[in-house]
Amino acid sequence: MDTAQILEKLQAVPDPKTGRGIVEMNRVRDLDVQGNRINFSLHLPQLEGNEKGALNMACQQVLTEAFGVVDVNIHFVNVQHTGGSALEQALPQVKNIIAVGSGKGGVGKSTVALNLAIALQKSGAKVGLIDADIYGPSIPTMIGMPTAKPKIETLYGKHKIIPIEAFGLQVMSVGFIIEPEAAIVLRGPRLGGIVKQFLNDVLWGELDYLILDLPPGTGDIQLTIVQTVAVTGAIMVTTPQEVAVIDAVKAGNMFRLPNVNVPILGVVENMSWFTPAELPNNKYYLFGKGGGKKLAKHMSTMLLGQIPIVEGIRSAGDTGKPAFLDNNEIINQAFHNLSKNMTAQLALRHEMMAPSRKVEIKS
Ligand SMILES: Nc1ncnc2c1ncn2[C@@H]1O[C@H](COP(=O)(O)OP(=O)(O)OP(=O)(O)O)[C@@H](O)[C@H]1O
Ligand SMILES: [Mg+2]
């Protein structure tokens with residue numbers, strides 16, 4: 001019985017936060033073997049009483065089964081008190097959490113969130129998408145799965161939700177959660193609670209990006225999110241119109257409050273111009289011009305991309321196949337460019353700034 005053998009056995013024990021092996025999740029530390037005595041610590045965020053007990057039992061069980069009578073001593077360490085980054089605590093398997101916000105409704109947030117997610121996935125990244133627009137979830141229709149129901153699993157006595165797979169993305173939307181079975185998990189009248197559970201009680205896989213499609217404006221959902229996970233950065237979507245820009249500044253400022261401190265990675269201008277197929281060199285600025293640039297300047301950030309008005313984008317929203325998968329050159333170019341600029345800004349953000357932290361509420 002050596003440490004390598006012990007770690008191999010412990011890997012079979014699922015992590016209560018992610019469902020993945022506790023060794024892979026780097027929960028097991030300070031492993032020490034003396035005769036038939038095994039000591040180690042488990043570094044985890046706050047667990048509820050019965051979760052802790054069940055996890056303890058699971059570890060004891062795999063080790064006794066493998067090595068016979070052993071004396072297993074597990075020391076639980078609450079990582080909230082070890083100064084580890086907030087990201088490590090809430091969704092340790094997710095590298096970047098990107099919020100997609102806007103001032104006004106209908107500017108194309110969901111369209112941008114979904115197609116950006118697909119563009120990132122096509123470039124080789126593992127991507128998840130949360131439709132946090134609890135007032136009007138549109139992602140289930142946009143991915144052609146309006147009646148999909150996520151599976152529920154029980155882990156250490158707690159209900160966990162398995163995200164829906166669509167076009168290589170892991171997706172969760174409040175639109176999926178209306179059946180009684182799922183309602184067990186999504187108890188509670190508070191809408192924010194639903195989004196909180198999407199972050200805490202969904203077994204997300206290992207992800208490079210988790211994209212959050214937010215409701216428009218500033219509201220409880222935005223606040224709930226920054227209090228539940230460490231958001232890596234935000235993207236603001238606007239149309240070229242003046243009024244859309246003013247609202248977007250207000251919405252973006254919420255992320256920039258000193259105690260929230262989520263960096264704005266940049267601005268996406270949607271519905272920038274219209275080019276008729278028969279006049280490929282003409283651009284018609286139906287909603288005015290310059291809004292994206294103006295917003296970026298107001299927020300001291302950059303314009304990450306401009307998405308033209310394309311019939312294929314509108315129809316894709318209804319047919320349930322993301323526009324990026326249509327092989328329309330204009331659409332693909334626009335979203336490819338956006339994803340490239342966003343990842344570049346993200347790299348810069350990681351280089352220049354400390355990891356984001358979850359917002360702590362002071363009572
Ligand atoms: N670049 C575009 N070209 C053509 N149609 C577009 C474009 N962007 C968005 N649309 C269409 O505009 C409508 C609104 O877009 P979308 O639902 O993405 O906006 P939203 O900001 O998420 O809205 P809400 O505030 O309701 O959540 C949809 O019908 C969508 O298909
Ligand atoms: Mg939307």
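Predicted model: local features only at pLDDT ≥ 70, side-chain atom pairs only at ≥ 80, totals over all residues.

Guide: Residues are numbered from 1 along each chain as its sequence is written, chains are lettered from A and ligands numbered from 1 in the order in which they are written, and side-chain values use heavy atoms, without hydrogens and water.

Visitor: Is Y284 buried, partly exposed or exposed?

Guide: Y284 sits in the loop between β12 (264–274) and α10 (291–298). Buried means under 20% relative accessible area, exposed over 50%, and partly exposed in between (1.4 Å probe, protein chains only). Y284 has 36%, so this residue is partly exposed.

Visitor: Which element gives the largest share of the lining of the second largest pocket?

Guide: A pocket is an open set of points on a 1 Å grid over the protein atoms alone, with protein on both sides within 12 Å along at least five of seven lines; lining residues have an atom within 4 Å of a point. Suppliers of at least two lining residues each are α4 (109–122), β12, β13 (303–309) and α11 (311–319). The largest share, five residues, comes from α11.

Visitor: What volume does the largest cavity have?

Guide: A cavity is a set of grid points where a 1.4 Å probe fits but cannot get out. T111, L114 and I313 are among the residues that line the largest cavity. Its volume is about 40 Å³.

Notes: Helix = DSSP H or I, 4+ residues; strand = E, 2+ residues; numbered from the N terminus. Points joined across faces, edges and corners; volume = space filled by probe spheres on them.
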